[in-house]
Amino acid sequence: MVMPERLPASLPSSPEGPATPSSAGCVVAAPVVASAEYTAGPKRRSFTAKYKLQILSETDRAVDTGGISAILRRERLYSSALSDWRGQREAGTDGALQPRQRGPEKAAANPLQAELAKANRENAALRRSLDQAEAIIAIRKKAAALPDMRRVGKQSGFEQQ
């Protein structure tokens, strides 16, 4: 946005003399306005085992009517998360309440993968050697098929020295 600077005619804008309309203009940056739309994508929350156990113990102590729902509203949790956490706590496995990475599980490394890669490298090296040997043999066949220049020269009476 470009806006001219408005100065009174009596105040000089420079030491040369009074301000003229051409020297009075300046570039003013437009104010930065935040977008009304929320542009960042949603972020999945993950909870530590300590936090989960704290919320579970707090809900276990809540005896009055609406106490559990007040805790869920305050922490912005759903009742399904609470029931999942209770099931994990009852399962009692180590790390059951720890947050897990989302997405597909990584496949276990194949123990034969290293041997296969080594065999593929050896195979490629042997193929390069075979191609080179085949090229040499093809050149020798072509050279053998060419007429011998020394024999041709002797038959024509022209001898090379």
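This is a short tour of the model, stop by stop.

The model is predicted, with local features needing pLDDT of at least 70, side-chain atom pairs counted only at pLDDT 80 or more, and totals for chains, interfaces and linings using all residues. Numbering runs from 1 along each chain as its sequence is written, and side-chain values use heavy atoms, leaving out hydrogens and water.

Start by colouring by pLDDT (the predictor's confidence in each residue, from 0 to 100). The chain mean is 78, and 68% of residues reach 70 or more. Helices here are DSSP runs of H or I, at least four residues, numbered from the N terminus.

Next, select Lys 52, in helix H1 (residues 49–61). Lys 52 is buried yet has no salt bridge: buried is under 20% relative accessible area with a 1.4 Å probe, protein chains only, and a salt bridge needs a side-chain nitrogen of Lys or Arg within 4 Å of a carboxyl oxygen of Asp or Glu. Asp 84, the nearest side chain of opposite charge, is 8.8 Å away. Show what Lys 52 touches (heavy atoms within 4.5 Å): beyond four places in sequence, the partners include Phe 47, Trp 85 and Gln 88.

Now hop to Arg 76, in the loop between helix H2 (67–75) and H3. Its phi is near 55 degrees, a positive value in a residue other than glycine. Most residues other than glycine have a negative phi. Arg 76 counts as exposed (over 50%) because its relative accessibility is 66%.

Terms used: Helices (H or I, at least four residues) and strands (E, at least two) are DSSP runs, numbered from the N terminus. Lys and Arg count as positive and Asp and Glu as negative; His and the chain ends are not counted.
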